[in-house]
Amino acid sequence: MEPTTDPLSIAYYCTGHGLGHATRSIEVCKHLVERGHTVTVVTGAPAKVFLQELPSARFVLRKAVLDAGAKQLDPFTVDVKGSLEQYYNTVMVHRDSMLAAEVQWLRSNHIDLVVSDVVPLACAAAADAGIPAVCVSNFSWDFIYSEYLTTQRTPEYRQLVWQIAQDYSAASLLLRLPGYVPMPAFMAIEDVPLVVRHARKSSIQVSTACRQIQQICGKHMSAN
């Protein structure tokens, strides 16, 4: 891959919910770094997940919790009310100060581009800082949380979903991955191929891991 002649300083915001977002973000960041760009990942996910995959002088990790994802009661059950409460208490209660801090950080670090997978506040911060923002995802949190409103109809939670959609609408572009859900908040959308990590294990190792997962899930289901 040929290095770019016009390197950018990129802030890559990755949700801390699970490791799937981190896995695909790592692959995108690898290519960005290989092209000569400097990438700062902003995430609440475990630092070692990124640091062991991106050993480069042009890669920096900044730990920050800017969203909350979905709270789960167990591997198969989402805590609907707990998920909304968690986002409300993490982001909505502190939104003004969090937004101001991100805008200041973006400006003071001379960030040229914000990429988000798929942290809503990152889009709003980029817009306020006068920086373009690109989202990479096949779903958005306003879609996920709006489904929860069927049983949780408080005004605070409706406002939460509306605010997330507003934040996403500040993005310049959505790079929409396959298997997507409706995401009307985004003004400009471009469909892209699936982003995956290159396999490192043999088919036998993968089959063994799958059997172990099935055993663990079977035991959990039996216990309940």
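**A tour of the rings**

Start by selecting Tyr 145: this residue is buried, with a relative accessible area of 0%. Keep in mind as you look around that the model is predicted.

Trp 141 and Tyr 145 both belong to helix 6, which covers residues 141-148. They sit 4 residues apart there, so about one helical turn separates them. Trp 141 is buried too, with a relative accessible area of 2%. Now look at the two rings together: Trp 141 and Tyr 145 make a stacked aromatic pair, with 5.5 Å from centre to centre and 25° between the planes.

Now bring in Phe 139. Is Phe 139 buried or exposed? Its relative accessible area is 16%, and since buried means under 20%, Phe 139 counts as buried.

Select Tyr 87, Phe 139, Trp 141, Tyr 145 and Tyr 148, and you'll have a cluster linked by ring pairs.

Pick Arg 62 and Trp 105: the charged end of Arg 62 sits over the Trp 105 ring, 4.4 Å from its centre. Then jump to Arg 176, which lies over the face of Tyr 180, at 3.8 Å from the ring centre.

Conventions. Residues are numbered from 1 along each chain as its sequence is written. This is a predicted model: local features need pLDDT of at least 70, side-chain atom pairs count only at pLDDT 80 or more; totals for chains, interfaces and linings use all residues. Side-chain values use heavy atoms; hydrogens and water are left out. Buried means under 20% relative accessible area, exposed over 50%, partly exposed in between (1.4 Å probe, protein chains only). Rings of Phe, Tyr and Trp (its six-membered ring) pair if their centres lie within 6.5 Å; planes under 30 degrees apart count as stacked, over 60 as edge-to-face and the rest as tilted. Helices (H or I, at least four residues) and strands (E, at least two) are DSSP runs, numbered from the N terminus. A charge sits over a ring if NZ of Lys or CZ of Arg is within 6 Å of the ring centre and within 35 degrees of the ring normal.
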